[in-house]
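Dear colleague,

Please find below the structure that I am handing over to you. My notes on it come after the display.

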Amino acid sequence: NPQPKIQAKIRFLDTKGKIKINAIYKIKSDFYDGYANIIKDSIYGYVDTKGKEILFKQFEETYFYYGKTGIAKKNGKYGLIDRYGNELTDFKYIMILSFGFNHFKGILSKDNNHILDNNGKIIFNARNEFNIKSDYFEKDSLLIYEKNVDNKKLQGLVGIDGKIITEPIYENIYFIKDIEFFVFKKHNKYG
């Protein structure tokens with residue numbers, strides 16, 4: 001997709017206001033581990049704090065956050081790449097999300113997803129036994145999953161090792177990050 005023509009170019013300044021990188025990019029992100037995502041001439045890539053840029057012409061989109069692994073799009077599907085553009089996974093996902101702690105959630109379909117490590121290896125749900133509802137690693141690597149039980153979508157908890165902690169008997173499970181516990185909803189009551 002072409003960049004908007006009316007968008008101003010962005011430059012990078014240090015904490016004293018001195019220009020570190022000239023205004024040549026139309027789109028950029030914050031710096032993560034010394035790199036910022038950029039789009040230059042409709043090509044995605046990143047730039048380091050010294051202005052050295054890496055552009056990935058072979059991909060439709062790329063996004064790097066923390067660590068050495070990025071999310072890329074090719075032929076309408078997503079996969080993982082390293083900072084050099086080497087493919088770490090097949091490009092088979094309709095979306096890949098950062099999942100925390102250098103992990104990713106690869107979404108194959110609405111109810112079919114994997115958890116991937118930063119090397120692209122599927123570390124959870126390789127056989128698609130669970131419909132993972134968590135958006136990131138929960139307390140103690142517990143994941144919220146959903147299953148149809150008697151025509152109702154119910155949720156339970158499963159460990160990253162695949163061991164079911166709580167059967168899917170709850171209408172909803174919420175993780176309260178600030179105080180690190182789960183709230184369960186069943187029959188419109190919370191506990």
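This is a predicted model: local features need pLDDT of at least 70, side-chain atom pairs count only at pLDDT 80 or more; totals for chains, interfaces and linings use all residues.

Residues are numbered from 1 along each chain as its sequence is written, and side-chain values use heavy atoms, with hydrogens and water left out.

The pLDDT (the predictor's confidence in each residue, from 0 to 100) averages 87 over the protein, and 85% of the residues score at least 70. Confidence is lowest in strand β1 (residues 10–13), with a mean of 62, and highest in strand β9 (residues 77–82), at 98. Strands here are DSSP runs of E of at least two residues, numbered from the N terminus.

An open sheet is formed by 4 strands in the order β10-β11-β12-β13, with antiparallel pairing; two strands pair if DSSP finds at least two bridges between them. Its edge strands, β10 (95–100) and β13 (122–124), each pair on one side only. Within this sheet, β11 (residues 103–109) and β12 (residues 112–116) are joined by 5 bridges, and Gly106 stands opposite His114 in β12.

The largest nonpolar core has 9 residues, among them Phe99, Ile115, Phe124 and Val158. Such a core is a set of buried Ala, Val, Leu, Ile, Met, Phe, Trp, Tyr and Cys residues joined through side-chain atoms within 4.5 Å, where buried means under 20% relative accessible area, exposed over 50%, and partly exposed in between (1.4 Å probe, protein chains only). A second, separate core of 8 residues includes Ile144, Leu157, Tyr170 and Phe184.

Val158 also stands opposite Ile164 in β17. Strands β16 and β17 (residues 164–170) run antiparallel and are joined by 3 bridges. Their hairpin has 4 residues between the strands, and Gly162 takes a positive phi near 90° there.

Most residues other than glycine have a negative phi. Asn151 is exposed, at a relative accessible area of 81%.

With kind regards
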